[in-house]
Amino acid sequence: MSLFFTIPHIEPSPRRVRVYFGGECLVDTKSAKFVWESKYYPKYFFTEQDLPRGNLKAVEESEDKIIYDVNAGGKTAARAATLHRSGDLKGLFVIQHSAMDHWFEEDEEAFGHPKDPYKRVDVLQSSRHVRIEVNGQELANTRSPRFLYETMLPMRTYIPKLDCRLDLLEESQLTTHCPYKGTANYYHVKLPSTEKLENIVWWYKSPLPECGTIKGYLSFYDEKVDVFIDGEKQPKPVWD
């Protein structure tokens, strides 16, 4: 998100947005709003006129908001919709993205949060020397990293698998989705001491085209490991 915004920031989206749950289309609108409640990414909010009242059951009500269960096709998403009744968001409602079955922007299915129109992601090949350690144990050592720069987020380093200690990695069942990179799979790190560090490595088997060059490369959770670039230990990323 651009630095000149204040939170919350609201602006119209030019895209047709549809939300499906339980086989029903709950929202079909060309009046969606981008709303930044934090600086990292926007969410879709909708005007009260698009509220699918026949599919909602109020479970909590105050002067500021109404919280609803969403019901459709015999399914229930508990507390998945919120209508704001005061402040900057008055008259707008939001539906939890992960609670719904499908989201579409125009006719393209959208996964994860909406893409920020003010953000870009660049992946750059580098020949700098990168080492990854945890508790003194080397996990990776490469001179062929790829650095991923995403607006307003810490730089991430992606390393060829063959430059990593694959014998210390244990497959995880966790997956997450990024609208810029795609679906990530994870590894745990199991140290010779038998200490296990869960889900501190991720990678993309089939990244989205704009980040295609990180395919098969591993990224370590910098906040939980020690990263050395050209022999210099890097400070831990700071989130504000």
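## Contacts along the chain

Residues 24 or more positions apart supply 49% of the contacts in the chain with a separation of 6 or more. A contact here means heavy atoms within 4.5 Å. This is a predicted model: local features need pLDDT of at least 70, side-chain atom pairs count only at pLDDT 80 or more, and totals for chains, interfaces and linings use all residues. Residues are numbered from 1 along each chain as its sequence is written, and side-chain values use heavy atoms, with hydrogens and water left out.

## Extent, burial and charge

The C-alpha trace spans about 60 × 40 × 35 Å along its principal axes. The chain has 240 residues, and 46% of them count as buried (under 20% relative accessible area, 1.4 Å probe, protein chains only).

The chain carries 32 positive and 36 negative charges. Their mean positions lie 2 Å apart. Lys and Arg count as positive, Asp and Glu as negative; His and the chain ends are not counted. Each charge is placed at NZ of Lys, CZ of Arg, CG of Asp or CD of Glu.

## Strands and an open sheet

The chain has 22 strands and zero helices. Both are DSSP runs: E of at least two residues for strands, H or I of at least four for helices.

Four strands build an open antiparallel sheet, ordered β14-β13-β21-β22. β14 (137-142) and β22 (232-233) are the edges; each has a single partner strand, so one side of each lacks a neighbour in the sheet. Pairing requires at least two DSSP bridges. β13 (residues 130-134) pairs antiparallel with β14 over five bridges. V130 has T142 in β14 as its bridge partner.

Conventions
Buried < 20%, exposed > 50% of the residue type's maximum accessible area, 1.4 Å probe, protein only.
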